[in-house]
Structure formats: C-alpha cells, structure tokens
Amino acid sequence: MHISNGIIDGPVAAIFAALALAALTACVLRGRRDLDDRLAPMAGLVAAFIFAVQMLNFPIFTAGVSGHLLGGALAAMLVGPWVGALCVAVVLVVQALIFGDGGVAMLGLNITNMALLGTAAAYALIALLLRVLPRTRAGLAVTAFVAATLSVVVASQGFVLEYWLGGTTDLGNNLGGLAGTMAGVHLLIGIGEGLITATTVLTVAKVRPDLVYALRSLRTPAAPAVPVAGGVR
Amino acid sequence: MGAGHGHVLYRESDSPVHRLPPEVKIVAMVVFTLAVVATPREAFWAFGAYAVLVAVVAALARVGPRWLLSRALIELPFVLFAVALPFLGSGDRVEVLGLRLSEDGLHGAWNILAKGTLGVLASLLLAATTTTRDLIVGLDRLHCPQVLTQIATFMLRYLDVLVGEARRMRVARISRGDDPRFLWQLRGFAAGIGALFLRAFERGERVYLAMLSRGYTGRMPAMWQGEGAASAGQWLVAATVPVLAASIAATAVVLS
C-alpha cells in the first residue's frame, strides 16, 4: 500500500499533502482533548503494534503491487478516530523518514489512504454496527472484523483514485483491472486484518473494557448509588 | 529492558554527518527527496548527479556501499509495481528483447525505480546517522505538534516492549512443549496476540505512570532543555546537498 516516490505525479501529491495536512490538523485539535492519562500510553502502544504488523509485507507478483495489514480499525476501536488517525500517521511518517517505506514526497497520499480513509471508514462502520448489533461479545467481534476488513478495501481504493487522478503512466483501460486487483487482494488481507483486530479487541474488552474507546459512549451508566440514610453502616 | 537509543538501522559513528543536529538532517532529506521527485523523468543525467550526491554524503557519514545497497532492498515490494507498467501501459509500443512493451510504461517504470531508490537511499542515510531519540527531538524543534511527538516517542519506546513480550511468550510456549515451525507458528502467535497486546499495554502503562510521577508532562527533557539546537553555520553546511539537488532539478526542468 505504501506509494513510493514517482508513482503519482507532483501536483496530485501536493494536493493530497495539503488535504492530509488539513485533516491531521483537525485530528490534532480534537485528539488533544481525548489524549488523557489512559489514552496516551494506549496510543503509543497502538502505534507500535501497527508499526510491527505493517512490517509483514505480502508482495503480489502478478499485479506488481504489495499489501500489508493497515491497523486503522484497531486504532479507531481502541483510541478513537482522531487519535487513531494520528497513530497511523505517525507510523507512516517514521517509516518514510527512516525506513524508506513509502516516499517522503508521497506522504500526503499515503496518509490520506491509510491514516484518514482507513480509520474514518473503520470508525463509521464501528459506530453503525455497535448500534445495530446486539451488545454481546459476538456483536463486538463481528463489528471489529467487518470494520477492519472493509476499511482495508476502502484504503486500497484510495490508491486507485489517486492513480486515476495523477498516475505517472497512463494505464488506459487497465485502470479497471488495477481497481479490481487492489480490491481483491486487499479483501484477502482485510480478512487477516479482521481476525487479528477482532481477537485483540475481544481480549482487551474482556479484561480491560475501560480501555476500548469505541465502547465508551455505549457504556451502560453505572447503577446510581443509593443514598444510605444514616451514613455508612 | 535496557534498550539503547539506537535502532536496527543506526550506525554508531562520529562522522560530520552524525554530528549535525537532527532537525537539519530531516529538512535536508525532505528537500532532497522533493527535488528528486520534481525532476522530469527523461533527464537521465540529473538522476546520475543525485546518485553522486548520495554517494558523497554516504562517504562523509562513513556508511559503506554494501550496507546501503543491501538495506535498500526493502523497497523491492514497493517498486514491483514498476515491473508491471511496461506491460500494462497504453500508447506507443516499442520492441525490447522481442517483447512489445509500452514506451510510456517503460519510462514510468524507470521513473519509479530511479525516484524510489534515491528516496530510499536518502532515508537510509538519515536513519544510519540519527538515533530515534534524536529524530523525535528534531521533529519537536521543527514545531511538530506535541501530540504527534508524544505518540511517536511512545511508539518507539513500546516497540521494544512489544518485541520483548513476544519473545517471552514464545519462550513460554516452547518450554511448554510447543514446537513452532514456519506456518504453524502463526497459529500459536495469532491465538496469543490479544494477550500479547494486553501484557505489553500493562507494562507500558506502568512505565508511563512512573514517568508521570517523575514529572513527565508530554515532552522529554532533551526537548525543553534546548541544548544542541542547530546553529546558523550548521544549517548552511547541511543546506549544500538540498540546494545542489534543487539546482539540478531546476536545470533539468528548464532543459526539458
């Protein structure tokens, strides 16, 4: 998924860089409010986790593209959409600066696809599914799985859109094929990502439900404390 | 857990490039890459000139060509796309070794290979000469929002925690009679991934609370102490490479 230098032309990369910068600024402003004592270490761990899983790269030789797990859904689930997008963006920046994964000039495109599109799609699905599905462990697992799977496919289509706008080589009628290949391959990757996301989120929700951001708004209010007349007995 | 400040790509040395403050190197690397990407793809000589610049900086940083080139192989999956282009591209066809390839596609493949490789080499040079701690100090001095540097600090710190916990869990599995081989290793790993996450989190949370109780406010002491920030002279020295690259790019644009 990482776009390396030279795949998309300069003007389109610049437009997406501006877009990514604006969206990240919004995320910083909103994320600052979310980032409390509990979320700060979680955000760091989520970023480290995503960094580690993105190292697993599956080259797809027939199509000449590569894919890997993205982690946007996990981030949206555990730290919320704002801090989540920031986590993925930080991973991408560090990868571009010192590991050379994805070109520095293409950072705006990569952030748009993986940090913004992926996390936003995942969070929209999570918010919807958590309302519709029963509030059980199975419901949570299905939510995490579906959000992770589809968010990866959405992110991969972001690349197709960018290639259509500013690919350096005109593929002519093969663009549809590119879209199909990217969607198919990332559906497979998405299933793997969905399984990892669902297991991780389920374990965290079982042991430390207070750490799952997506469950915050749905938390059943604690039973009101019954005032005891006459003080503590 | 006495993790050092380095990372796998860092090369301990005391070269002039190592001594430059990190913010200067980050800016130089980003400007260099932008200049490379802005160069028209038909200007073959310009890419040769960029390669010479990279080689000079590598020599100054005492980074050997073998180390640099073998690490550059990580870009392989990313440039595979380039291989497909001559077959998929549209427009005029040319005969190469008996294959009818798209001329536009061939140019596109060269474009991705050259620009991708130069970008990877530039970031490898930054990685070889800058510790992760310095990288974050540099980003902070470049006024990167504190939320981002904070997440980045914890990310780099917790990577070691995650790897350490994963190793401990693997040892625990093996000592209980598990015999992990290539693919079957994945099953045990996948089943334990939630536990790994929680263990790493609880370890990280303890570290974080210990940091808070010792006065951590979101920035590491190295950042607000402000020592070692780049002087005007250092900015000038480091500016040579990006300025040269930018003039090469400008010449190439004018000539094309």
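Guide: Welcome! pLDDT is the predictor's confidence in each residue, on a scale from 0 to 100. The structure above is a predicted model.

Visitor: For residues 1–5 of chain B, how many contacts beyond four places in sequence does the model have?
Guide: Over this stretch of chain B, pLDDT stays under 50. Where pLDDT is low, the predicted coordinates should not be read in detail. With that caution, the number of contacts beyond four places in sequence for residues 1–5 of chain B is six.

Visitor: What share of the residues in chain B reach a pLDDT of 70 or more?
Guide: The predictor gives the complex a pTM of 0.85 and an ipTM of 0.82. Within chain B, the mean pLDDT is 79. The share of its residues that reach 70 or more is 79%.

Visitor: Which element of chain A has the highest mean pLDDT?
Guide: Chain A has a mean pLDDT of 80, and 84% of its residues reach 70 or more. Among its elements, strand β1 (residues 57–60) has the lowest mean, 58. The highest mean, 89, belongs to α4(A).

Visitor: How many helices does chain A have?
Guide: Reading from the N terminus, the order of elements in chain A is α-α-β-β-α-α-α-α. The strands in chain A number two, and the helices number six.

Visitor: At about what angle do α4 and α5 of chain A pack?
Guide: Helix α4 covers residues 107–132 and helix α5 covers residues 137–166 of chain A, and their axes are 8 Å apart. The crossing of α4(A) and α5(A) is right-handed. Their contact has 18 nonpolar, six polar and one charged residues. The packing angle is about 145°.

Visitor: Is A:Ala205 buried or exposed?
Guide: A:Ala205 sits in helix α6 (residues 174–207) of chain A. Beyond its neighbours within four places in sequence, A:Ala205 is in contact with A:Leu140, A:Val212 and A:Leu215. A residue counts as buried when 20 or more other C-beta atoms lie within 10 Å of its own. Because A:Ala205 has 21 other C-beta atoms within 10 Å, A:Ala205 is buried.

Visitor: How far apart in space are A:Leu70 and A:Glu193, C-alpha to C-alpha?
Guide: A:Leu70 lies in the loop between β2 (65–68) and α3 (72–99) of chain A. A:Leu70 counts as buried because it has 32 C-beta neighbours inside 10 Å. In sequence, A:Leu70 and A:Glu193 are 123 residues apart. In space, C-alpha to C-alpha, their separation is 7.6 Å.

Visitor: What percentage of the residues in chain B are buried?
Guide: Chain B has 12 helices and two strands. Of its contacts with a separation of 6 or more, 80% are between residues 24 or more positions apart. Among the 256 residues in chain B, the buried percentage is 40%.

Visitor: Over residues 232–255 of chain B, how far apart are the end C-alpha atoms?
Guide: The UniProt annotation "transmembrane region", from an unreviewed entry, covers several spans of chain B, including 108–128 and 232–255. Over residues 108–128 of chain B the chain is 100% helix, with the end C-alpha atoms 30 Å apart. Residues 232–255 of chain B are also 100% helix, and there the end C-alpha atoms are separated by 33 Å.

Visitor: How many residues of α7 in chain B are buried?
Guide: Helix α7 of chain B runs over residues 132–141 and is mostly covered. Among its buried residues are B:Leu135, B:Ile136, B:Val137 and B:Leu139. Of the 10 residues in α7(B), the number buried is eight.

Visitor: Is B:His143 buried or exposed?
Guide: B:His143 follows α7(B) and lies in the loop between α7 and α8 (146–175) of chain B. Although B:His143 is not a glycine, its phi is positive, about 65°. Because B:His143 has 8 other C-beta atoms within 10 Å, B:His143 is exposed.

Visitor: About what value does phi take at B:Arg62?
Guide: B:Arg62 is in the loop between α3 (44–60) and α4 (65–72) of chain B. B:Arg62 is partly exposed, because 15 other C-beta atoms lie within 10 Å. Most residues other than glycine have a negative phi. B:Arg62 is not a glycine, yet its phi is positive, at about 55°.

Conventions. Residues are numbered from 1 along each chain as its sequence is written. Chains are lettered from A and ligands numbered from 1 in the order in which they are written. This is a predicted model: local features need pLDDT of at least 70, side-chain atom pairs count only at pLDDT 80 or more; totals for chains, interfaces and linings use all residues. UniProt positions are given in the numbering used here, feature names are shortened, and annotations may be inferred rather than shown by experiment. Helices (H or I, at least four residues) and strands (E, at least two) are DSSP runs, numbered from the N terminus. Axes are lines fitted to C-alpha atoms, for helices over the stretch in contact, and angles run from 0 to 180 degrees between N-to-C directions. A crossing is left-handed if the near helix is turned anticlockwise from the far one by less than a right angle, and right-handed if clockwise. Ala, Val, Leu, Ile, Met, Phe, Trp, Tyr, Cys and Pro count as nonpolar, Asp, Glu, Lys and Arg as charged, and the others, Gly among them, as polar. A residue is buried if 20 or more other C-beta atoms lie within 10 Å of its own, exposed if 12 or fewer, and partly exposed in between; C-beta atoms are placed from the backbone. Two residues are in contact if their C-beta atoms, placed from the backbone, lie within 7 Å.
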